[in-house]
Amino acid sequence: MPIEIKNSSSQPLQIDSGGRLLHFLAIEGLDRQRLLQLLDSAAQFISSDTNVRKSQGSLLAGHTVVNLFFEDSTRTRTTFEIAGKRLGASVINLNTSRLSTRKGETVLDTVRTLEAMDADIFVVRDNSSGTAHLIARHVPPHVHIINAGDGRHAHPTQAMLDMFTIRAHKGDISKLRFAIVGDILHSRVARSQIAALQILGAKEIRVVAPATLLPTEIERLGVTALTNIDEGLEDVDVIMMLRLQLERMEGQLIPSSQEYFRCYGLNQDRLNRAAPDAVVMHPGPMNRGLEIASDVADSDRSLVLSQVTNGIAVRMAIMAELAGMNKE
Amino acid sequence: MKLKIKNGQVIDPASGEDQIRDLFIAHGAIIDPHKAGHEFSADSEIDATDQIVCPGLIDLQARLREPGEEHKASMQSELAAAIKGGITSVCVPPDTNPIIDTPAMVHMIRQRGRRLEKARVYPMGALTTGLRGETLTDMATLKEAGCTVLGNGDNIIENTLVMRRAMQYASTFNLSVFLTPLDHWLRGNGCVHEGEISTRLGLPAIPEAAEVVALARDLALIETTGVRAHITQISCARSVEKIREAKARGLNVTAAVSAHHLHLSEQDIGDFDTRYHVLPPLRSLSDRDALREGVSEGVIDAICSDHQPHGLDAKLAPFSESEPGIAGLETLLSLTLQLVLDGVISLPEAISRVTFNPACILGIDVGRLSPGAPADVCIFNPSLKRKINVGDFYSQGRNSPFDDSSLAGQVTAVIVAGKVVSI
């Protein structure tokens, strides 16, 4: 009989025994019903009705949200800030470089210090995979962690806003084919998108990249890996582009930006290979002329700005859920 | 001091003995039972009924953290932990601070070890000065100071010409070299096996090729130089094949595996559990099974603890920033016995992997119960299951993923050089 290993992750971190959401760390581990419920609740926050807006304005009154960003970000941090403020919470932004924490104070020390200031929700971003999990494992039960991106691992609120946007523009996800194109290897966005699309029953998920940017055994996540973009885009309904971080490429993962655009950039010709009403998404910020041609980025097929707007609603829904304030 | 260990199941892999009898010890050495006879008047006796009596365990790779990292552990704490785990001899890699590349360091560590009167310590001399992989150490002098083997710790010698010359020079003085194959470039900043889990968790990965490429290079050089070499740790199926092939070709090579690689896999990492962060990384389940197969066939000669005690902070960090390693001295015996329970090998074979075989690899005269051999003995109850609690560890390192597991094998008495060492 093999040894029974007691693994610290045998009890899920995100959900308590009563099924309540404690933290929002990754899409993996959440079920279809919960994802749909969060997306539905986000829809309420996007209402243009001012009466609804006002009633939401006090949902998190008296709560403190700390945006703890160990890695630079403007877009994500701002949408979290707006989401928190619209719900009536006090929002504190902390952009601290981990370089200073490395000099003595550990990640956990930083969090404990802030915890002592009565924060209720931490929105955490870090360039190491697993930081949000680490913090979630060490905070008292009334403190909630939202993962705003950990290394290459997960960016679950981004995936949720993508799902929200897809449902709004294309309807039922289970009837659609998807292509995720770009630096899959380093992308936390891609990993969370794949997980969400899987759970919501997407018809087909393809990932497209040169072999240097495809992680090993990616097929185990339930996707088809392709190195040819023309094949990859054939008949898909949704094209999800990823941001290419040139500074990570070291001239080895891809030889040059010119060659990358030639082989993997999304231009009008390639877009034409997809289904006639296919839409294009991008988590931003876009590198025009590197992963996407300007005319495609600005075309009516692009949902980029809609993604940003929806990001606020989705983050409001997640914060409200964590604070236990969502209407049943 | 005369000691009689009564009625135990004596297992001595060196002679193939496995029978219930009394074991006699006098003046620090094992006595021939026929010669001891009735005239043997023991000063003290140990009743070993229903227990196994075997040579004290020999651990080919344990970091004691002294000198250099006393905030993590000390020789005092770790050698006591060794004894608690039934280990009577410990080989210490040269990557201490200062590095073991001078006779003075060898003397210092040996002397400190002797004074503590716990387990024996065998310092491994550095193969290159400062472990930098550039110039050879004074190997003959290190041997004279007491090193039986030389190695370069986890610092791989990148320059193949230096490696070849180090092997040639070591073989000149009949010294074995200990090699840890890991290609620097392919390893990069990786921290887990490249496979499903690294992809799911988005962690920088170490491909198995990082080990296989380096191993293939080292084996080619071992073959041309004829040096006696030991591969300190392998982690994947392809490496088992390479060693099997090398042995079939008649190379003078042995290999070891850590006890945890025989029980754990990448799957155990779960949600970034840093206790499973080790180097080489835990690989796939099929790699683990191939390692077990290698141990059972004898392709892998020895099982080591790869003991690496850490303070709490070392593991309280994001996975890739946490420090690799498991505090393994106090679970080596149990994890080895678990292989018997799992049907991988017989009990005498399991014992040989942690006693006689490592003794041969180190070229030392312990690890056997033959008359005249130094009396290093481990007595344990094989059937008693105990719950591992890292809080009870003698080691200052509490970093063990086996915390809270029930493991077989409880050490009841340990004898070093004929003296009972208190546990």
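Student: Helices are DSSP runs of H or I with at least four residues, and strands are runs of E with at least two. On that count, how many helices and strands does chain B have?
Tutor: Chain B has 13 helices and 19 strands. Keep in mind that this is a predicted model.

Student: What is the radius of gyration of chain B, and what would a compact globule have?
Tutor: Chain B comes out at 21 Å. A compact globule of 423 residues would be near 22 Å, so the value for chain B agrees with that.

Student: And what box do the C-alpha atoms of chain B fill?
Tutor: Roughly 65 × 50 × 45 Å, along the principal axes.

Student: Staying in chain B, how do S1(B) and S2(B) pair?
Tutor: They are antiparallel, with nine bridges between strand S1 (residues 2-12) and strand S2 (residues 17-26) of chain B. One of the pairs is Val10(B) with Gln19(B) of S2(B).

Student: What about the turn in that hairpin, how many residues are between the strands?
Tutor: Four residues lie between S1(B) and S2(B), and Gly16(B) in this hairpin has a positive phi near 80 degrees.

Student: Switching to chain A. What is the strand order in its open sheet?
Tutor: S2-S1-S3-S4, four strands with parallel pairing.

Student: Which strands stand at the edges?
Tutor: Strand S2 (90-95) and strand S4 (144-150) of chain A. Each has a single partner strand, so one side of each has no neighbour in the sheet. On average, neighbouring strands of this sheet are turned by 15 degrees against each other, with direction ignored.

Student: Now helices. At what angle do H3(A) and H13(A) cross?
Tutor: Roughly 55 degrees, with the axes of helix H3 (residues 75-86) and helix H13 (residues 304-322) of chain A coming within 8 Å.

Student: Left-handed or right-handed?
Tutor: The crossing of H3(A) and H13(A) is right-handed.

Student: Which residues meet there?
Tutor: From H3(A), they are Thr79(A), Phe80(A), Ile82(A), Ala83(A), Gly84(A) and Arg86(A). From H13(A), they are Gly311(A), Ile312(A), Arg315(A), Met316(A) and Met319(A). By class, this contact has six nonpolar, three polar and two charged residues.

Student: Last topic, the interface. How many residues of chain A are in contact with chain B?
Tutor: 31 residues of chain A, facing 29 residues of chain B.

Student: Which elements of chain A give two or more residues to that side?
Tutor: Helix H5 (107-115), helix H6 (131-137) and helix H8 (188-199) of chain A. H6(A) gives the most, with three residues.

Student: And how does the chain A side split by class?
Tutor: Eleven nonpolar, twelve polar and eight charged residues.

Key
Residues numbered from 1 in each chain as written. Chains lettered and ligands numbered in written order. Predicted model: local features only at pLDDT ≥ 70, side-chain atom pairs only at ≥ 80, totals over all residues. Contact = placed C-beta atoms within 7 Å. Nonpolar A, V, L, I, M, F, W, Y, C, P; charged D, E, K, R; others polar. Axes fitted to C-alpha atoms, helices over the stretch in contact; angles between N-to-C directions. Left-handed = near helix turned anticlockwise from the far one by under 90°. Pairing = 2+ DSSP bridges. Rg over C-alpha atoms; globule rule 2.2 N^0.38 Å.
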